[in-house]
Amino acid sequence: MKLYTYFRSSAAYRVRIALNLKGIPYDAVPVHLLRNGGEQLGDAYRAVNPAALLPALEDDGNVIGQSLAIMEYLEETHPQTPLLPATPAERARVRELALTVAADTHPLGNLRVLKYLTGTIGVTEDIKLGWQQHWLRTGLSGLESLLANDAHTGRYSHGDKPTLADCCLVPQVFGAQRFGVDMTPYPTIMRIHAACNELPAFQLAHPSRQPDAE
Ligand SMILES: N[C@@H](CCC(=O)N[C@@H](CS)C(=O)NCC(=O)O)C(=O)O
């Protein structure tokens, strides 16, 4: 199995956590998002993933993009250490939490959005940072409310075992801290973040532990 990844990509970080939790060995293929104008935009990577985004997983002759699609694929092909709970309602909640990060928070601060803001619209670096922080805070507030006001929240986002929701939560906290967001308004998120980071699967997936880390 091959994972096209970049150490700081939070979508790739999600998949690295899921692979580690399930104990699936993989080869990391680094794609540098900044070098040469962005290797993800070059012909070589577009031949792998025409959407020109990381991550992509290659397995058994198939290439899958989109971190959530990849994690669901891993869940179906490697059911050991399930990352989704047993009942449809609980599974829906985990997906809701995961999508609150992956669909509603992360895309607004993605590199190509930020490049468009500064390069095409011509906003200053300060305005760009304000944009990033605003959408991070908006997304994190929603996630905090969903987690804090639900009895299903346990040691982790759902119950006492890590799920896909945690695979999304931890990289999003990394991204928010990287861009200077004050995390004190999100005590439930930070409690879960700390619990996750006690696990080797999360520690080994951290950007600083990747072969392409700078
Ligand atoms: N929804 C996608 C998001 C993928 C994505 O935005 N990846 C970022 C890195 S975290 C990327 O490749 N950005 C490159 C760019 O914006 O040019 C997923 O979950 O996989």
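## Pocket, domains and selected residues

In this predicted model, the lining of the largest pocket comprises 23 nonpolar, 14 polar and six charged residues. That lining is made up of 43 residues in total, with Ser10, His106, Gly109, Asn110 and Leu111 lying nearest the centre of the pocket. The volume of the largest pocket is about 1000 Å³.

Several helices contribute to this lining. Helix H1 (10–22), helix H3 (67–77), helix H4 (88–102), helix H5 (111–121), helix H6 (125–148) and helix H7 (164–178) each provide at least two of its residues. Both domains take part as well: domain 1 (2–81) and domain 2 (88–202) each give at least three residues to the lining of the largest pocket.

The chain is divided into these two domains, domain 1 (2–81) and domain 2 (88–202). Their contact takes 18 residues from domain 1 and 20 residues from domain 2. The C-alpha centres of domain 1 and domain 2 are 19 Å apart.

The peptide bond that runs from Leu54 to Pro55 is cis, its omega being near 0°. Pro55 is placed in the loop between helix H2 (43–48) and strand S3 (56–59). The other two positions, Asp60 and Gln66, have positive phi values although neither is a glycine. Asp60 belongs to the loop between S3 and strand S4 (62–65), and Gln66 to the loop between S4 and H3. Each counts as exposed because its relative accessible area, given in the table, is over 50%.

| Residue | Phi | Relative accessible area |
|---|---|---|
| Asp60 | near 55° | 73% |
| Gln66 | about 75° | 59% |

Tyr156 occupies the loop between helix H6 (125–148) and helix H7 (164–178). With a relative accessible area of 5%, Tyr156 falls under 20% and is therefore buried. Apart from neighbours within four places in sequence, the residues in contact with Tyr156 are Lys161, Pro162, Asp166, Ile192, Ala195, Cys196 and Leu199. A distance of 8.2 Å separates the C-alpha atom of Tyr156 from that of His193, which is 37 residues away along the chain. The side chain of Tyr156 also makes a polar contact of 3.5 Å with the side chain of Arg155.

Terms used:
Residues are numbered from 1 along each chain as its sequence is written. This is a predicted model: local features need pLDDT of at least 70, side-chain atom pairs count only at pLDDT 80 or more; totals for chains, interfaces and linings use all residues. Side-chain values use heavy atoms; hydrogens and water are left out. Helices (H or I, at least four residues) and strands (E, at least two) are DSSP runs, numbered from the N terminus. Buried means under 20% relative accessible area, exposed over 50%, partly exposed in between (1.4 Å probe, protein chains only). Contact means heavy atoms within 4.5 Å. A polar contact is a pair of N or O atoms within 3.5 Å; within protein, one must be able to donate a hydrogen and the other to accept it, and residues adjacent in sequence count only if both atoms are side-chain atoms. On a 1 Å grid over the protein atoms alone, a cavity is a set of points where a 1.4 Å probe fits but cannot get out, and a pocket is an open set with protein on both sides within 12 Å along at least five of seven lines; lining residues have an atom within 4 Å of a point. Grid points are joined across faces, edges and corners, and a volume is the space filled by probe spheres set on the points. Ala, Val, Leu, Ile, Met, Phe, Trp, Tyr, Cys and Pro count as nonpolar, Asp, Glu, Lys and Arg as charged, and the others, Gly among them, as polar. Domain bounds come from an automatic or database domain assignment.
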